[in-house]
Amino acid sequence: EVFSEKGGFDVVIANPPYIRQERLTADKPLLKEAFPNVYSGVADIYVYFYRQGFALAQAKGILVFISSNKFLRAGYGKNLRAYLRDRTTLKTVIDFGDLPIFEATTYPCIVVAANRQPWDGTEVRALNIHSMTTLEHLADAVRRDGWDQARASLHQEGWALDRPAVLALIDKLRGTGTPLGTYVGGRFYYGIKTGLNAAFVIDSSTRDSLVHDDPVCVEVCKPWLGGREIKRWRVDWAGKYLIVLQNSADRDANNPWAHAKSKKQAESLFAQTYPSIYKHMLKHKSRLTKRSDQGKYWWELRPCEYYSGFDKPKILYPDIAKEPQFAYDTTGAYVGNTAYILPTDEFYLLGILNSSVTAFFYSQISSTYRGDYLRFIATYMEQVPIPDASPAHRAAMESVVRKLLDAEGKGPQVAGWERELNALVYELYGLTEEEIAIVEG
């Protein structure tokens, strides 16, 4: 009766395989056709095993999976989250965070769900596990330490597993401000991907030598920052430069070889315009020619419409950090692909982003990686709520931010200034003493 038309298994239990989407390219059309309601072009294969698991279960059967927890918040898990929330009756969700349950780094979670439509008022038993010793009495821990969480709290943007008071605070913050993505008009600018840093990223002595031989090089040698050099309120520049030879197809490009009639003519013009850089690049020509991230010619960077954004004042931040690490730059520095920039000189926004409220909110919506690191990518950043403020309140915050920037976030007075900044931010969001206590842990 299991394999009949109205059959199916009473229980489906699995630890589905993990195969990254890059290895599934040839199969994606088939996966999309077979599993349209959970499909994503960048989903790991375990997403489709969830859907297949329910297809194998009988009408009221139970599915029990231990899988990666990335679908809880990742963009590719949006459709799966909607399917589990709206098409199944979730019983239990246990998140193990980055605990090493398996030898490989898998960030596991356990999902228990019934293969039937949920009803209004359905609650899910939820629990976050922080200790390996809990595994010895997991069922007891779920009963004793878990909590009943409303199905309605599982938003399609991402699932936050936490107690009602915390979830209520998250919803309050979301409703208080404008999402950052709207606030900045979607301008989350990814750092430059050169395809070969050995050719494009140079140290100070190499830059000085290039400029000495050819003074015009100063125009295309820009300060260069990696994500690790961007700290909270400051930048620890390592003295590196990026040779910015833009793609000849860029709208703001003014390259002499942009209208060359042949590759040979273009290379000749390059050699004439920047002879010392041409000589430097020529040593890497073989590898530069083979890279995927390049423009029309082997010495060019890939096309990019926002190069000019790096030259202006901007907020910048690393793509991976344990807490908000937003800094401000007026040097015209370019950043690598381990960092982002927001093209704005708004100190008020910088203060909000480095506040305890943003740290709390972001920890609830971002995927977590080994060592409690967070990913500061646009998918999550665009959700951060930015409240409105009166001119006087903005001025007060900007004054504190200027002090923190001038001190570069270092010194005995910084803690006091940050408390002052946080107090102003708490007031903006209208937080109560109890809510402030939740934010501050």
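In which loop is the place of glutamate 408? Glutamate 408 lies in the loop between helix H16 (391-406) and helix H17 (414-429); here helices (H or I, at least four residues) and strands (E, at least two) are DSSP runs, numbered from the N terminus. The structure is a predicted model, in which local features need pLDDT of at least 70 and side-chain atom pairs count only at pLDDT 80 or more, while totals for chains, interfaces and linings use all residues. Residues are numbered from 1 along each chain as its sequence is written, and side-chain values use heavy atoms, with hydrogens and water left out.

Although not a glycine, glutamate 408 has a positive phi, near 55°. The residue is partly exposed, with a relative accessible area of 38%; buried means under 20% relative accessible area, exposed over 50%, and partly exposed in between (1.4 Å probe, protein chains only).

A positive phi, of about 75°, is also found at tryptophan 233, which is not a glycine. Tryptophan 233 belongs to the loop between strand E11 (230-231) and strand E12 (234-235). Its relative accessible area is 2%, and tryptophan 233 is therefore buried.

An open sheet is formed by three strands in the order E15-E20-E19, with antiparallel pairing. Two strands count as paired if DSSP finds at least two bridges between them. Strand E15 (320-321) and strand E19 (368-369) are the edge strands, each pairing on one side only. Between E19 and strand E20 (residues 373-375), the antiparallel pairing extends over two bridges. Tyrosine 369 is placed opposite tyrosine 373 in E20.
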